[in-house]
Amino acid sequence: MSFEKKPKITVILANLGTPDEATVPAVRRFLKQFLSDSRVIEIPKFIWWIILNLFVLPFRPKRVAHAYASVWSTDSPMREIVLEQTQRVQAYLERENKQFDLTVLPAMTYGNPGIDAVLEKLAAHPQEHVILLPLFPQYSATSTAPLYDAFAKWIPSQRNLPGLTIIKDYYQHPMFIQALAESVLAYQEQHGKPEKLLMSFHGIPQPYADKGDPYADRCRITAKLVAEALHLKDDEWAISFQSRFGKQEWVKPYTDQLLQDWAKQGVKSVQVLSPAFSADCLETLEELAIQNAELFQEAGGGSYAYIPALNSDQAHIDLLAGLVQANLDALTHTLAHR
């Protein structure tokens, strides 16, 4: 008697990336890969090559490596969190899907484990289906699209292609909004409610938004839904965008300027949440939690606190697994009963 093998399905949880070490050479390699992507920097390639290699890479890695060292433990916080998310989503999906041979893999667009290496691994072990979940709640051509590009580059070299599902984003998913709201309430239960709640998102250049990148609009929807879930009045919360790079205009309002304005207006307590991040990283742990606290307090503001990203909270794992499970449920009818 022969038995058909269970259909092989791989789920990829993919985040932006991180250096291999908190050292200048490792940070330089990471920044070179990241900032060489034309999805991230839309300056003409020749001009940007000069700027990158003569002005950015010789100087910026030293400062960034020092910042990474301040938040580094045994590994990069982002990589540690993504690995834990992967393990917990794997356990959830294996428990719920006995009809499939399921594997959940972590990947990074830049750095390790790299998305290209993950795809090559799949080529060596053919799959019936691949589900890609970019860990960016709000789609942007600067973050999510490079993962599409990686698949577009990989596909032409494959003969026996798997089915492919890409979960574009989940910026207004009820489970996402509820998880964010619950994280705020849990934090405030221990630390009290502030005068202002600031939802600060990673920024993108305004010209990118003008050309059709939906990211900023998706961020505004996320923030509004979280504020509604928390029953906040209009004067109790705000949205802003952090991490400008270069001299061009970025989407506004800017986090640093808004915090300084609040301080001058006499705001005495602020808590900051960053709903664009599925895992804490340098930008949240150093820029948001430390640099912006200093800006706010030096301008005359009072208490300042950063509310951690959802990371590996159970509500977050339930959300990520639920997003994948919805697609596995559909595949049950096409793969599991042949």
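The dialogue below goes through these features in turn.

Me: What kind of model is this, and what is left out?

Reply: This is a predicted model, in which local features need pLDDT of at least 70 and side-chain atom pairs count only at pLDDT 80 or more, while totals for chains, interfaces and linings use all residues. Residues are numbered from 1 along each chain as its sequence is written, and side-chain values use heavy atoms, with hydrogens and water left out.

Me: How many cavities of 30 Å³ or more are there?

Reply: Rolling a probe the size of a water molecule over the atoms shows where empty space is left. On a 1 Å grid over the protein atoms alone, a cavity is a set of points where a 1.4 Å probe fits but cannot get out; a pocket is an open set with protein on both sides within 12 Å along at least five of seven lines; and lining residues have an atom within 4 Å of a point. Points are joined across faces, edges and corners, and the volume is the space filled by probe spheres set on them. Here the count is one cavity of 30 Å³ or more. The largest cavity has a volume of about 30 Å³, and its lining includes Gln188, Lys193, Pro194 and Leu232.

Me: Which residues are closest to the centre of the second largest pocket?

Reply: The second largest pocket holds about 250 Å³ of space. It has 14 lining residues, and Gln33, Thr109, Tyr110, Asp116 and Lys153 are the closest to its centre. Strand E2 (101-111), helix H5 (115-124) and helix H6 (145-154) each supply at least two lining residues; helices (H or I, at least four residues) and strands (E, at least two) are DSSP runs, numbered from the N terminus.

Me: Which residues have the most contacts inside the largest nonpolar core?

Reply: A nonpolar core is a set of buried Ala, Val, Leu, Ile, Met, Phe, Trp, Tyr and Cys residues joined through side-chain atoms within 4.5 Å. Buried means under 20% relative accessible area, exposed over 50%, and partly exposed in between (1.4 Å probe, protein chains only). The largest core has 56 residues, and Leu93, Leu133, Phe201 and Leu328 have the most contacts inside it. Helix H12 (residues 314-335) gives the most to this core, with nine residues. A second, separate core has 19 residues, including Val27 and Trp72. Leu93 is in contact (heavy atoms within 4.5 Å) with residues including Val11, Leu102 and Leu328, leaving aside those up to four places away in sequence.

Me: How many disulfides does the search find?

Reply: A disulfide is a covalent bond between the sulfur atoms of two cysteines. The test is a pair of cysteine sulfur atoms within 2.5 Å. The search of the whole structure finds zero. Cys219 is in no disulfide, and the nearest cysteine sulfur, that of Cys281, is 14 Å away. Cys219 is buried at 0% relative accessibility, and Cys281 is buried at 8%.

Me: Is Ser243, with its positive phi, buried or exposed?

Reply: Ser243 is not a glycine, yet has a positive phi of about 70°. Ser243 is buried, with a relative accessible area of 15%.
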